[in-house]
Amino acid sequence: SDVNAGSTPFLLLAKKSRPHVWSVEVAPSRGSLAVSFRQGSDFVAANRTSLCKARVAIQPLSGSPENKSQEVELLLDPGSEVHYGWAISTPEGRAVKVVFRMRRKSYLYTIEDVRKTMRHPIRLRTPFYLDVIVAVSRVGDQTLLTIEDPSAAHGHGQQSGSSSISCLRIEVKLKSVGVSLIEEIEFEPFAQELLFVHLDLIRLEWQKQSEKDEQQVRLMIYDMQVDCQLAGRVTDNELNEGGGFLEQNRPAVILANLAKGDQPFVNLFVQRGATSCRDMVLPKVEFAVDDLDITFDDGWVEPLVSFAKQCRSNNTRGGTLFLTIQEMAGKPLTQDYTFPPMPSVIQVESMMIRRVKLNLWCAVKLRNVRSLPLYIRTAFKVLSFSDELTLEGAPLFLPPRNVPLHRGSLMDFSRGLANEYTLNLVTGLGVVLGRSSLLNLPRVPMKIGGDAFAWVADGVGSLAGEAASLLNKATFDDEYVTRQRKIRKEKDIKGIASGMAEAMRDVGEGLEGVKDIWKKPEEGWNTGGLEGAMMGVGQGMLSGVVKPTAGIGQAIADVAAGLGATAAETIKKQRRVRKRLRQPRLLYSGGAAIRTWCELDAELLRQLGTMRLFGIEQVVRLEQREQQHTLLLLFRDRFLLVEMHAAGGPEDQRTSSTGMLGAIDEATMKIFQPLNNMVSGVKHLQRQWTTTELAEKSLMEFEQQGGKIFSMDLCLLRNADIRHDDKGPLLRLRREGAPRPIELPLYKGQLSAAVQEGLLAGFVSAVKHPDGAANWDSLHQALCSEERSRQECSQHDSVLQEAGKKTLEVFEVERWRLATGAWTTPFLPIDNELCWRWVDATGRKHPHLQNLDKRESAAKREHPPCELDALFEAQDNWEVEKGPTTDKKGWRYGLAWKSSTWDNSPGMFDVLRKRKWRRTYA
C-alpha cells in the first residue's frame with residue numbers, strides 16, 4: 001500500500017552464511033504500485049576508526065521481545081562498510097544498537113531512530129581511555145552510520161557533540177517583492193505589462209536544532225495584491241462611483257487579501273524530523289490563508305491564458321501517441337519494461353489547513369472567452385439569457401482540513417489535496433451561482449422590489465432630514481446649527497444597525513434641547529441683564545420644543561437611510577476600496593527591453609499612452625520643476641520634446657510660459673516643422689500618429705491638462721554639437737534651411753559629462769546614417785552607469801530602517817456604568833466581544849491578545865496586552881492616538897460600536913467610548 005512507499009530494507013537470515021540484505025522498493029503513481037526488489041539497502045554502516053582495537057558490530061533491533069531471536073550482529077572491521085536492514089521492517093521501527101566488544105567488557109550504545117541526524121562521543125575504557133564518535137548523517141540517497149576517531153572528525157572540520165552548534169537560525173526579512181508579467185502579443189512586434197504581483201512584509205525563518213534533529217521553516221507574507229496593468233483599469237473607488245461593477249471600466253486590483261485583524265496573507269509552518277532519512281518526515285504542518293477578494297473578467301483572463309501558453313514548452317504534450325500503442329500491440333507488458341524512478345516519499349504526522357473564504361467578482365463576456373469550449377459558452381448563454389456571466393461578491397468557502405497520519409508519494413499526496421479542494425469548489429458552486437447571472441430571471445422581482453424599497457426609504461429619509469434641517473435653523477442657535485451640519489456630513493450609515501444607533505443618538509441630542517429652557521435665560525442674564533434674560537426665556541422655550549422635534553425628524557431620516565442601505569446591500573454588494581500600487585511599466589524598444597520600473601516613465605506612459613510611445617529608446621530629463629518636467633524622448637527615427645505634469649500634480653494646472661518650451665520663440669518653433677509645410681509641431685505629431693480615434697482623444701486630453709509636445713524627424717537633422725555659454729552646456733541641433741539651430745540647455749537637468757557625450761553621439765549617428773537612424777547605445781550605457789552610482793550612494797541605512805516595519809493597532813473600549821458613575825470595561829450581554837476591552841477595528845477580540853483566556857485578566861491591563869509573533873520586535877512603547885477628534889486622553893464617545901459618528905466629548909446618550917493604541921514593530 002502507499003504506507004510502504006519508498007525503500008524498505010529487510011535482513012534475511014541464513015544458516016550457513018552471513019545474513020543477506022534486500023530492499024523492497026514501492027513506487028506509487030496515481031493509484032497503481034510498482035514493486036521491485038534489489039540487493040542492498042539505503043542504510044549503510046562504516047567503521048572508519050584506526051586507533052580503536054575493539055571489535056565493532058551493529059545490531060538492528062526489531063522492537064519487540066517476540067522477535068528478539070531474529071536480531072543478529074553485523075561485524076564491522078576497520079575500514080569496512082556493510083548494508084543493513086531489519087528482520088521485521090516497519091517505517092516506524094528504525095532502532096540500531098552499536099556494540100564495542102573488548103577483552104573483558106562490552107560497551108553498548110543504542111540509537112533509537114537511525115533516521116535522525118546525530119553525533120555522539122563515546123569513551124571506551126581500555127588500558128587507557130579511548131574516545132570514538134558515533135555519527136548518523138545523510139550522504140546522497142543513503143543514511144550513513146559511521147564510527148570514527150575524534151581526530152578524523154576535527155580533520156574534516158567537524159566538532160564533537162559538546163562543542164557543536166546545537167541550534168542554527170537563519171532569518172530573512174523583505175519589505176516587499178514585486179513581480180511583473182510581460183506579455184508578448186502574438187504575430188505582432190509589441191509587448192505589454194499584463195499583471196503586477198506585490199507581496200508586502202515577507203518573513204522567512206529557518207531553524208535547525210541538532211539535539212532533536214529538527215528543522216523548522218516558517219513563512220509569513222502579510223499582504224498580497226495583484227494589479228492588472230492593462231489599459232482602461234480604474235481604482236475600486238472610481239468603480240463604485242461609476243454606477244455598477246464593470247459596466248464601462250474594469251478594476252485595476254483583481255486579487256487582494258482582506259487583512260482582517262492584522263492577519264497575514266500566508267502563514268506556513270513546517271517541522272521536519274529524521275533529516276538523515278531519504279523520506280520527508282513532517283511531524284507538524286500548519287497552513288493558513290487570509291480571506292481573498294478575486295475579480296475575474298475577460299480583459300485579463302484571456303491574456304493570462306495566452307501568457308501561460310507562451311511559457312509552456314512545445315514539447316510538453318499530454319497523453320500517448322497512437323503509434324506508440326500500435327508498436328506495443330502483441331508484446332508482453334513486461335518486455336522492455338523499466339521500473340519507474342523512486343518518488344519523493346512524504347510522511348505527514350499532523351497537518352492543519354485552516355478555512356479559506358473567497359469573495360468572487362466576475363463580469364465576463366462569453367464571446368471573448370475563447371479558452372472555454374463552445375458548448376460551455378452556449379450553455380451559459382442559454383441559462384443566463386445573455387452573453388455575460390456576472391458575479392457580485394459571491395462568497396465561496398473552503399473548509400478547514402485536518403490531515404490524519406499519511407505516508408505516500410509526495411506527488412500523489414499533492415494531487416489528493418488538490419482533488420479534495422476541487423471537490424469543495426464544485427460543491428460550493430450552488431452558492432456562487434445563486435449570485436450569478438445564471439439566475440437573472442428569478443432574481444428580477446427581488447431586485448426590483450429591493451430597489452423600490454431602497455428608493456422609498458431614501459425618499460422618506462431625505463424628506464425627514466430636510467425637515468429637521470429647517471427646524472434646526474428655527475432655534476436661532478448658530479453654534480448648534482453648525483454642529484448638526486457637521487455631524488450629518490460625517491455620518492456613514494451602512495445598515496440598519498448603524499442607522500438605529502444614529503437615530504438614538506439624534507433623539508438624545510434633541511432631548512438635550514430641553515436644558516435650554518433654563519440655560520438660555522441664565523446665559524442671557526449673565527450677558528445682558530434683565531433684557532437678556534427675557535430674550536433667553538423666549539429662545540429657551542423655542543429650543544426646548546424645536547430641538548427634540550428636529551432630533552426625532554433626524555432619527556427618522558437615519559433609520560430610513562439604514563433600511564435603504566440594507567436593502568441595497570442585499571441586492572448589490574459594495575466592493576472594498578483599493579488603490580493600484582503602481583502605474584504600468586514603460587517598455588522600451590517595443591517591449592524588447594525591460595528596465596527597472598521608474599515613476600517618471602510610468603507617469604509618461606499614463607499621460608501619453610502606449611501607442612504614442614511605441615519604439616521609444618531613451619528618456620532624458622532636461623528640466624525638473626516643482627510640478628512639471630521637460631523630457632527629451634528619443635526614438636530611432638525621431639525625437640520628442642515633451643512638457644508634462646509630475647506624478648501627483650494637479651490636473652487643472654496649466655504649463656507656465658517660463659518653462660523650457662515656453663521660452664522657445666516663434667522662429668525656433670518653425671525649425672520643428674517638417675518639409676511638408678505642417679502648421680506646427682503638434683499638428684505634425686497628430687497627423688503622424690492619430691490613425692485611430694483613441695490616439696486623437698488621448699492627445700486632446702494631454703493638451704487640455706496643460707501638456708506640450710514638439711516632434712522632429714531625425715532624417716531632417718544636418719548637424720549637432722554642444723556649445724558652452726555662461727550658464728552651462730547647450731545642445732544645438734541644426735536642420736538644413738533653418739535660420740538658426742535649436743538650443744536645448746543641458747545644465748538644468750544636471751546631466752553628467754558622460755550622458756552629454758552619449759546624447760551628442762546619438763544625434764551625430766543620425767546625421768551620418770543615410771536614413772537618419774540614431775544609435776543610442778552610448779547614451780544608454782552612460783545613463784545605466786549614472787543610475788548605479790546613484791543607488792550606491794543612496795542612504796541604505798535609512799532604507800533598511802524603514803524596511804519590514806508594521807504598526808499594530810488596538811482599540812480600548814469602555815462603557816459608562818450608571819450605578820457607579822464611572823467608565824468601566826463593557827459588561828452588558830449585548831457587548832459580546834467588547835467585554836474583552838482590547839478589540840480590533842471590527843469590535844472583535846483582538847487576534848494578537850497574548851496568553852489571556854479570561855476577560856477579567858484582560859480588563860485589568862492598563863496597556864494593550866497584544867504582541868505580534870516572534871518574528872517581530874517592538875521598536876517603541878504603546879502610544880494613544882490623539883487629535884482634534886479626541887479628548888486629551890484620546891477617547892472618542894458614541895452611543896454604540898456601530899455608530900458612524902464619534903465625538904470628543906460625551907453627550908447625554910453617549911454610553912460608550914473608545915481610543916486607539918499604536919505600536920511599531922520591525
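Colleague: Which residues make the nonpolar surface patch of about 430 Å²?

Modeller: The patch is made by Leu 168, Ile 170, Val 172, Leu 174, Leu 204 and Val 217. Patches are made of residues with over 30% relative accessible area and no salt bridge, where like charges are joined within 9 Å and nonpolar side chains (Val, Leu, Ile, Met, Phe, Trp, Tyr) within 5 Å. Accessible areas come from the Shrake-Rupley method with a 1.4 Å probe, and for residues only the protein chains shown count as cover. Before we go on: this is a predicted model, in which local features need pLDDT of at least 70 and side-chain atom pairs count only at pLDDT 80 or more, while totals for chains, interfaces and linings use all residues. Residues are numbered from 1 along each chain as its sequence is written, and side-chain values use heavy atoms, with hydrogens and water left out.

Colleague: Which strand gives the most to the nonpolar patch?

Modeller: Strands (E, at least two residues) are DSSP runs, numbered from the N terminus, as are helices (H or I, at least four). Here strand 13 (residues 167-184) gives the most, with four residues. In a regular strand the side chains alternate between the two faces of the sheet. Val 217 has its place in strand 15 (residues 214-228).

Colleague: How should I read the exposure of Val 217?

Modeller: Buried means under 20% relative accessible area, exposed means over 50%, and partly exposed lies in between (1.4 Å probe, protein chains only). Val 217 has a relative accessible area of 31%, so this residue is partly exposed.

Colleague: What does strand 15 pair with?

Modeller: Two strands pair if DSSP finds at least two bridges between them. Strand 15 pairs with strand 19 (residues 266-273) in the antiparallel sense, over eight bridges. For example, Gln 215 has Arg 272 in strand 19 as its bridge partner. Strand 19 also pairs with strand 20 (residues 280-289), antiparallel over seven bridges, and there Gln 271 stands opposite Lys 284. The hairpin of strand 19 and strand 20 has six residues between the strands, and in it Ala 274 takes a positive phi near 50 degrees.

Colleague: Now the charges: how many salt bridges does the structure hold?

Modeller: A salt bridge is a side-chain nitrogen of Lys or Arg within 4 Å of a carboxyl oxygen of Asp or Glu, and the structure holds 32 of them. One of them joins the side chains of Arg 119 and Glu 148 (2.6 Å, N to O). Arg 119 is in strand 10 (residues 118-125) and Glu 148 in strand 12 (residues 142-148), so this pair ties together parts 29 residues apart in sequence.

Colleague: Is Glu 148 buried or exposed?

Modeller: Glu 148 counts as buried, at 8% relative accessibility, whereas Arg 119 counts as partly exposed at 22%. Another salt bridge joins Glu 205 and Arg 169 (2.5 Å, N to O). That pair links distant parts of the chain, with Glu 205 in strand 14 (residues 191-209) and Arg 169 in strand 13, 36 residues apart. Glu 205 is buried at 12%, and Arg 169 is partly exposed at 43%.

Colleague: Which residues touch the most other members of the largest nonpolar core?

Modeller: A nonpolar core is a set of buried Ala, Val, Leu, Ile, Met, Phe, Trp, Tyr and Cys residues joined through side-chain atoms within 4.5 Å. Of the 38 residues in the largest one, these are Phe 265, Leu 292, Met 351, Leu 358 and Phe 413. Strand 24 (residues 356-365) gives the most to this core, with five residues.
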